[in-house]
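Please follow the account below with the sequence and the model side by side.

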Amino acid sequence: MEAVILNYNSSTDTIKLLSSLIKMGELVTRIVIVDNNSGEDDKKALLNFTEAINKNNKKIQEVKLIFNNKNNGYAAGNNIGLRYLMKNKSKDNLISIINPDIYIAKEQLNGLLNNYQKAEKKYGENSIGIISPWMINHGASGMVAWKMPHFLSDLISASVVLKKLFGDILSYKKIKRNTGVLEVGVLPGSFLLINKKAIETTGFLEEETFLYCEERILAARMKRHNFNILLDTDHYYDHEHSKTINKFLSGVKKIDYLYDSKKVYYTKEKNSKFQASFISSLRVLSKIEYVALHSFRKLIKNKF
């Protein structure tokens with residue numbers, strides 16, 4: 001397996017993850033770290049660490065550090081790493097996109113890779129687009145997989161009130177751990193194990209998105225090309241959910257990024273400018289609710 005790690009002012013987490021991956025020996029052959037225009041101290045920490053690794057490392061073929069001169073977001077940043085690995089061809093047919101704020105043990109990664117091989121025998125060679133292990137979130141809630149979003153689900157998700165009334169209609173209510181490898185709609189982007197043939201066929205990640213919805217767009221394109229999306233419920237990784245995002249982005253800014261990405265999804269994947277514009281307009285409602293709830297919570301906290 002080859003790996004891409006996208007860093008943005010998270011050198012401590014990136015170095016910790018990188019250290020754990022290097023110790024896995026033959027499981028991880030090459031690693032690319034793409035720095036998305038972090039601060040100078042962060043860049044220096046990464047540079048010093050990777051130089052030391054490349055000087056002394058005997059367990060891995062290559063550790064490459066690429067400095068991006070502009071932060072164009074999750075998709076564009078990861079694509080730099082993906083294209084580097086695809087250009088420098090190797091026998092490995094799998095590339096993982098891994099967030100700095102995750103941890104996966106060697107036995108879990110080994111089990112995931114074994115289950116991928118078994119799944120290929122079941123579904124056919126190069127028929128799997130993405131496989132991911134079960135995500136264990138720390139500090140926040142998050143689904144391990146979800147159904148492909150659609151117009152109604154995005155209407156409901158625009159409002160806290162509507163979500164309370166209808167629930168999360170995209171969740172897989174009956175999915176449980178240790179039930180094998182299952183077909184799903186969309187997987188979280190914190191850890192994606194991708195077939196090189198699939199990512200080459202579908203055209204990499206959608207760079208018009210800065211943050212959010214990259215997973216659904218990638219999954220939609222893979223399904224359109226008949227690649228399977230699989231969740232390995234037998235193996236897991238730990239995730240400090242949105243640690244970097246929450247550190248550097250306000251709630252209102254995150255709402256804008258979310259709706260900008262949804263607009264791209266409906267324009268490009270659903271070919272509907274009407275749906276794109278309508279969904280995008282709902283950001284106003286989401287912002288009003290967010291500000292109201294945030295203010296209410298602050299008031300209650302100060303009062304008590």
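**A walk through the predicted model**

S190 has a relative accessibility of 4%, so it counts as buried. The model is a predicted one. S190 sits in the loop that runs between β7 (181–183) and β8 (191–195). Setting aside neighbours within four places in sequence, the contacts of S190 are I97, I98, N99, I102, M135, Y237 and H239.

P149 belongs to the loop between β6 (128–138) and α5 (151–157). Its relative accessibility is 3%, and P149 therefore counts as buried. Beyond neighbours within four places in sequence, P149 makes contact with D154, L170, V186, R216 and Y265. Between P149 and F191 there are 20 Å in space, C-alpha to C-alpha, and the two are 42 residues apart in sequence.

Is K23, also a loop residue, buried or exposed? K23 lies between α1 (11–22) and β2 (30–35). With 60% relative accessibility, K23 counts as exposed, because the cut-off for exposed is over 50%. Not counting residues up to four places away in sequence, K23 touches K59 and K106. From K23 to E214 the C-alpha distance is 30 Å, and the separation in sequence is 191 residues.

N228 is placed in a strand, β9 (residues 228–240). N228 has 16% relative accessibility and counts as buried, because buried means under 20%. When residues up to four places away in sequence are not counted, N228 touches Y123, S127, I128, G129, I130 and E183.

Helix α3 covers residues 74–87, which makes 14 residues. From its first C-alpha to its last, α3 reaches 20 Å, close to the 20 Å expected at 1.5 Å a residue. The helix is mostly covered, with 11 of its 14 residues buried. These buried residues of α3 are Y74, A75, A76, G77, N78, N79, G81, L82, Y84, L85 and M86.

Helix α8 is made of residues 214–224. Because 9 of its 11 residues are buried, α8 is largely enclosed by the rest of the structure. Buried in α8 are E214, E215, R216, I217, L218, A219, A220, R221 and M222. Just after this helix, N226 has a positive phi of about 65°.

Helix α10 (residues 251–269) has 19 residues and spans 26 Å between its first and last C-alpha, close to the 27 Å expected at 1.5 Å a residue. Its buried residues are G251, K254, I255, D256, Y257, Y259, S261, K262, V264, Y265, Y266 and E269.

How do α8 and α10 lie relative to each other, parallel or antiparallel? Their axes come within 10 Å and cross at roughly 20°. An angle under 35 degrees counts as roughly parallel, and α8 and α10 are therefore roughly parallel to each other. Their crossing is right-handed. On the α8 side the contact is made by R216, I217, A220, R221 and R224, and on the α10 side by S261, K262, V264, Y265, Y266, K268 and E269.

Helix α10 also packs with helix α11 (residues 273–281), at an angle of about 165° and with the axes 8 Å apart. Since angles over 145 degrees count as roughly antiparallel, α10 and α11 are therefore roughly antiparallel to each other. The crossing of α10 and α11 is right-handed. From α10, the contact is made by Y259, K262, K263, Y266 and T267; from α11, by Q275, A276, I279 and S280.

The nonpolar cores complete the picture. In the largest of them, which holds 69 residues, V28, I31, L109, F191 and M222 touch the most other members. Which helix gives the most to this core? It is α3, with 6 residues. A separate core of 10 residues lies apart from it, with I217, I255, A276 and I279 among its members.

M222, one of the residues that touch the most other members of the largest core, is buried in α8. Leaving aside neighbours within four places in sequence, M222 is in contact with G129, I130, I194, A198, I199, T202, F227 and I229.

Notes:
Residues are numbered from 1 along each chain as its sequence is written. This is a predicted model: local features need pLDDT of at least 70, side-chain atom pairs count only at pLDDT 80 or more; totals for chains, interfaces and linings use all residues. Side-chain values use heavy atoms; hydrogens and water are left out. Helices (H or I, at least four residues) and strands (E, at least two) are DSSP runs, numbered from the N terminus. The expected span of a helix is 1.5 Å times one less than its number of residues. Buried means under 20% relative accessible area, exposed over 50%, partly exposed in between (1.4 Å probe, protein chains only). Contact means heavy atoms within 4.5 Å. A nonpolar core is a set of buried Ala, Val, Leu, Ile, Met, Phe, Trp, Tyr and Cys residues joined through side-chain atoms within 4.5 Å. Axes are lines fitted to C-alpha atoms, for helices over the stretch in contact, and angles run from 0 to 180 degrees between N-to-C directions. Angles under 35 degrees count as roughly parallel, over 145 as roughly antiparallel, 65 to 115 as roughly perpendicular and the rest as oblique. A crossing is left-handed if the near helix is turned anticlockwise from the far one by less than a right angle, and right-handed if clockwise.
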